[in-house]
Amino acid sequence: TGYWFCWLYLLGFSCRYENGSAYYHEDDREGLLKICRLVIHTRYEDYTVEGFNVLYTKQPVIYISSAARTGLGQALCNQLGLPLSCMCRVPCNTMFGSQHQMDVALLDRLIKDDVESGKLPLLLVANAGTPGAGHTDKLGRLKELCEQYNMWLHVEGVNLATLALGYVSSSVLAATKCDSMTLTLGSWLGLPAVPAVTLYRHEDPSLSLAAGLTSSQPVEKLRALPLWLSLQYLGHDGIVERIKHASQLSQRLLENLKNLDFIKTSVEDELSSPVVVFKFFQEYSNRDQTSHAAQASTTQHPIISNERHIYDTFNQWLGEQLAQLVPASGVDVVELEDEGTCVRFSPLMTSAVLGTEIQDVDQLVDCLKMKIPVLTSTLQLREEFEQEVRRTVGLLYIEDLSWPGLGVVRYNYHSDGKNDDKQEKELEKINAELLKKLNELESDLTFSLGPEFGGQKNCVYIGMVTEDLDVSELVETIAATGREIEENSRLLENMTEVVRKGIQEAQLQLQKANEERLLEEGVLRQIPVVGSVLNWFSPFQASPKGRTFNLTAGSLESTESTYVSKAQGTGTTPPPTPTSSLAKQRLPGQKPFKKFLRSSDAFSETSSVSHCDDLEKMEQRPPTLSPGPEQGPLGTEKTEEQKEVAQATKADTEDIQSNKSPHNCTKVEEQESQR
C-alpha cells in the first residue's frame, strides 16, 4: 500500500480522506468484515489469547440501518461467528426528516440500553446513499455519537463517488471524518473485474495484520493491479467526467419529473442527488383526502392496504415497461418500506456500462408521458368495471390486486347438477373459448389468461385501457359471448344424446323389421339351397325398408319416401344458431369497445362538410314541374298522408333556404346530427 496515494489522487480523495490505509478486496462486503475483526481486536485486548471466551463476558453489538443492504447483518454474523443477537437494526425516521435516514435519537436510546445491560457497542454502519433510495444518513451527528460511546463508524454507499467532484454536499463531505469507508469503483466507473477499496484509519499495524487488512504475500499486493491500470488509463479528468455525467443525467430527469402530473419523487437533495426514485400516484380531491385521512387513522384498514397494493402493482408494471422501452436508461424497480414499489434511476451504477446519454433520459420522459394517461384511465375505470360485472348475470368478478390492468372476470357455467370434475372441465372449456373469441374482435384491449404463476384459473384477464373505453359495452359483450358459447355447448351435448338414442331406436326397429320379413317370406326361403330354387320359381317382391335420422327434428323416419321419389328429403329448416344480441352500429374504422366522441371524430366533420355541399346543390338545381298541391304524381287526388308529407317537405325547404348562408352550416349540422 505504499503508492496507493497515487490512485487516491486520481480519484480526488487525497485531500478528502487523510492519513488512511487501503485494503483491496473482490467481495464488497469483505472490507467491512475485516474492519469488524480489527475493531474486535482493538476493543478486546485478550481476544488473541482467549478467543470467543472474551466475547461471552461482554457481548459486542454492531448497529446497522434498516435501510441497509438485504442480508448484510446476517452475513457479518456468519463470517464472524457471532449470534444474530449481536446485530441491532436501527429504524429510520418516522416523524421528522427523511424516511430513509437512520433515526439518531432512537439510536442513542438503543446504545444506552445496551450499555446498561452489560453489552459493548462496537461498530456502526452508516449509509452515504442507501441501496434503495440513495439517501445519506446524518453522518455528522452519527460521528459525534460514536465518539461519545467510543464506537467505530463505517460508511458505504453510492454517494461517496461525488467526493471526486469539485462541489460536494455537506452531508456527503462529513463521510471524510469517519473511521473507514468502502468504495466500489468498478460499478461507478464501468470497470469490470476491478476490486473494491476500503479506506481506514488505524495506528497499530500489528492489529491490522491480525485482522487481515495487510499482508506480506505478493499475490495480495497484485490484487490492486487491475484497478491501478484502469485508473491510469482514465486519468483524473476521465474519472471526474464520468461521475459528473451521471450526476447531470439525474438532474435532467428530476427537472422533467417536476413538470409531470401524477408522479411523486423521493429525492433527498434536489441539487446534487445522483439517485432519482419516483412512482405513479394519483392525488385525491379534498373530499377524498378527508375520507382517506379518517380511514388512515384506523390501523391496517383493508381499503388503505388494497389501495397501496394496487399502486404497487401499477408501479411494477410501469417500471417494467420503461425498462423494456428504454433499455439504455438502466431504470429498475425497487421495493421501499414506506413508499412501496417505486422506479429507480441510478446512473452512477449503470450509465458507464450502458452508455446512457441525455437523449435516453428525454426518451424515458416521453415514454413516461405516454404511460401516465393509460395508468390514470385504468385506475379510474377499474371500479366501474367491477360494478358492471357484479350487476351482470352470468359473470363473476375476481379480485386480483396483483394484476396490472382493468380487472379479472370469469364466466359462470350453470352446472345443472353435474359433478365437480365435469363442471370444472366445462368451466375451463367455456372460458378458454371466450378468451379466443375476445381476441378475435381486433380491439385495442389485451385479453389473456393472466400471469404464469400465481394467477386465478379459468379467468379472463383484461390489461391496461384508455379513457375512451366503453365499459358497459365491454361487459355486455363478454356476457353475450359467454352465453353464446354455453348455448352452443349445450346444443352439442343435447344433439349427441339425441343421436345416441336415435341409433338405439333404429337398431330395435331394424331388428323388428327383420323378424317381420322372416314371417312374410316363410321358413323354406331361409334354407340355403331350397330357398334359392323357390325364389327362382316364385320370386318374392319386398320393398326395401330402412330408417333415416332427422337431426333437425331429432326423430327416426322411414326411407320408403326416399326410394319412391329417388331423392332424399331436406326436412324442415334448422333453427338459427344462437348469436349475440349485441349488434352495436359502429362507424367505419371504429374499433370495438370505443366510445363515439362527436367533438373529436373526423367522420362527423366530413359528413358536415358533405352535407353543406348537398344543400348548395339543392339550391342550384333547376325547378321541375310538379303536380298541383292537392293532386298526386298522376293527377289523382292526394290522400291525407300524402298531404302531410308534402307539408313537411315544404317546411324543410323553407328551413334550408333560411339557413343557406355559410354562417348557418353549423346549425344545420346540429339539426341533422340530432335527427
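Ser377 is in contact (heavy atoms within 4.5 Å) with Val465, Thr466 and Glu467, leaving aside its neighbours within four places in sequence. The model is predicted: local features need pLDDT of at least 70, side-chain atom pairs count only at pLDDT 80 or more, and totals for chains, interfaces and linings use all residues. Residues are numbered from 1 along each chain as its sequence is written, and side-chain values use heavy atoms, with hydrogens and water left out.

Ser377 is found in helix α16 (residues 358-391). Helices (H or I, at least four residues) and strands (E, at least two) are DSSP runs, numbered from the N terminus. Ser377 counts as buried because its relative accessibility is 9%. Buried means under 20% relative accessible area, exposed over 50%, and partly exposed in between (1.4 Å probe, protein chains only). A polar atom of the Ser377 side chain lies 3.3 Å from the backbone nitrogen of Glu467.

Strand β13 (residues 407-411) is largely enclosed by the rest of the structure, because five of its five residues are buried. Both faces are covered. Gly407, Val409 and Tyr411 lie on one side, with Val408 and Arg410 on the other. Two strands pair if DSSP finds at least two bridges between them. Strand β12 (residues 395-398) runs antiparallel to β13, joined by four bridges. Here Tyr397 has Val409 as its bridge partner. Strand β15 (residues 460-462) also pairs with β13 in the antiparallel sense, over three bridges. Tyr461 in β15 is the bridge partner of Val408.

An open sheet of seven strands has mixed pairing and the order β1-β7-β6-β5-β4-β2-β3. At its edges stand β1 (21-25) and β3 (87-90); each has a single partner strand, so one side of each is left without a neighbour in the sheet. From one strand to the next, the twist averages 20°. Within this sheet, β4 (residues 120-127) and β5 (residues 152-156) pair in the parallel sense over five bridges. Leu124 stands opposite Leu153 in β5. Helix α7 (residues 139-148) packs on the sheet and touches β4 and β5. Its direction makes about 155° with that of β5. Axes are lines fitted to C-alpha atoms, for helices over the stretch in contact, and angles run from 0 to 180 degrees between N-to-C directions.

Helix α2 (residues 30-43) is largely enclosed by the rest of the structure, because ten of its 14 residues are buried. Among them are Leu32, Ile35, Cys36 and His41.

Technical notes:
A polar contact is a pair of N or O atoms within 3.5 Å; within protein, one must be able to donate a hydrogen and the other to accept it, and residues adjacent in sequence count only if both atoms are side-chain atoms.
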